[in-house]
Amino acid sequence: MKKTKKITFIGAGNMARSIIKGLVNAGYPASEIMACNRTAEKLAFFSQLGINTSTDNDQGVAFADVVVLAVKPQFMQAMCESLAQHGKCTDKVFVSIAAGLTVARLQAFLGCPCPVIRVMPNTPSLIGRGVSGLYANDDVSDSDKTFVAEMMNAVGTTIWVPEESQINGVIAAAGSSPAYFFLFLEAMEQEALNMGFDKNAARAMVENAMLGAAEMVCHNSDLELSELRAQVTSKGGTTAKAIEHFQQQGLSELVQNAMRAAVTRAQEMEKTF
Ligand SMILES: NC(=O)C1=CN([C@@H]2O[C@H](COP(=O)(O)OP(=O)(O)OC[C@H]3O[C@@H](n4cnc5c(N)ncnc54)[C@H](O)[C@@H]3O)[C@@H](O)[C@H]2O)C=CC1
Ligand SMILES: O=C(O)[C@@H]1CCC=N1
């Protein structure tokens, strides 16, 4: 990154861990990062990374130029209101990675029209292969947008969305979707076990098939996904039978409905939290 700033993550859980480890691996100075968590046990991992840690969120805000709000949505209001009570928020840039909380809602929690950028990341940020959707309104300066985009580019790919509502689509397609792939692999691994392979062999087959397929997708961006599928599918062969089964069982509709369920849940959360 061209210029570093001090970044504090409030809520040192799975997603903060993925972004912070990804940033440190990418060479972001550990001394410029702090992780805050209300419980100390969660912070041991972060201390090992050499970053600053604290159980005091106010200390985290005092340290930071950029504050990443990384608690679960249901805890965000109480956490932000507590920060605002201590009155140190007005000169900070906030980044929220939470699903289902709008900029307007977060600014209300913080009690000020502070710049708030919404980032919807995913856990592969841990290995520099994340993808994040970003949204900012006109309260955010170009230089703050550039900094946050660079921060997330250090751990993967970024996509700006022009409408805040599109963050919910990013959740469905990217934030939540690593779990869809893990679920699919779990099912494949289980069936390999059922067929009599031992755990190591079952895992090796599914993980390498997935990795090889993913790399083929990434290395052939000029080819449609359906063409890559066709290259595996011999007429009258085994793949054709398996694909026919998926299609007869409505896989496309199932995926569509699952993604729509994720969006609907994000919209419900906007009304609940
Ligand atoms: N896990 C994922 O793949 C993704 C999560 N997100 C968002 O990231 C946020 C965090 O999710 P996870 O990391 O999965 O949750 P998590 O539960 O693993 O981490 C949240 C952490 O916040 C801490 N915490 C709760 N209240 C606190 C407070 N008042 N002060 C300080 N720390 C506090 C908890 O102890 C916990 O360690 C959520 O808002 C979620 O919507 C977004 C994209 C992907
Ligand atoms: O499941 C969730 O609500 C969060 C947002 C995207 C991934 N995890």
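Mentor: Ligand 1 has 27 residues around it, and G11, G13, M15, M79 and A98 come nearest. A residue counts as near a molecule or strand if its C-beta atom, placed from the backbone, lies within 6 Å of it. This is a predicted model: local features need pLDDT of at least 70, side-chain atom pairs count only at pLDDT 80 or more, and totals for chains, interfaces and linings use all residues. Residues are numbered from 1 along each chain as its sequence is written, while chains are lettered from A and ligands numbered from 1 in the order in which they are written.

The shell around ligand 1 divides into 15 nonpolar, nine polar and three charged residues. Here Ala, Val, Leu, Ile, Met, Phe, Trp, Tyr, Cys and Pro count as nonpolar, Asp, Glu, Lys and Arg as charged, and the others, Gly among them, as polar. Helices α1 (14-25) and α4 (73-85) each supply at least two residues of that shell. Helices (H or I, at least four residues) and strands (E, at least two) are DSSP runs, numbered from the N terminus.

Ligand 2 is surrounded by A99, I171, G175 and S176. Its shell holds two nonpolar residues, two polar and no charged.

Now the sheet. The eight strands form an open sheet in the order β3-β2-β1-β4-β5-β6-β7-β8, with mixed pairing. β3 (52-54) and β8 (156-160) are the edge strands, and each pairs on one side only. Pairing requires that DSSP finds at least two bridges between two strands. Neighbouring strands are turned by 25° against each other on average, direction ignored.

α1 packs on this sheet and touches β1, β2 (33-36) and β7 (130-136). The direction of α1 makes about 165° with that of β2. Contact means that two C-beta atoms, placed from the backbone, lie within 7 Å. Axes are lines fitted to C-alpha atoms, for helices over the stretch in contact, and angles run from 0 to 180 degrees between N-to-C directions. Helix α7 (residues 166-175) also packs on the sheet, touching β6 and β7. The direction of α7 makes about 30° with that of β6.

Look next at the pairing, strand by strand. Strand β1 (residues 7-10) and β4 pair in the parallel sense over four bridges. T8 has V67 in β4 as its bridge partner. Strand β4 (residues 66-69) pairs with β5, again parallel, over four bridges. V68 stands opposite V95 in β5. On to β6 (residues 116-120): β5 and β6 pair in the parallel sense over three bridges. There, S96 has R118 as its bridge partner.

Buried means 20 or more other C-beta atoms within 10 Å of a residue's own, exposed 12 or fewer, and partly exposed in between, with C-beta atoms placed from the backbone. β5, helix α5 (residues 103-110) and β6 make a right-handed β-α-β unit. Right-handed means that, with the strands pointing away from the viewer, the path from the first strand over the helix to the second runs clockwise.

Last, the whole chain. The protein chain has twelve helices and eight strands. Of its 273 residues, 31% count as buried.
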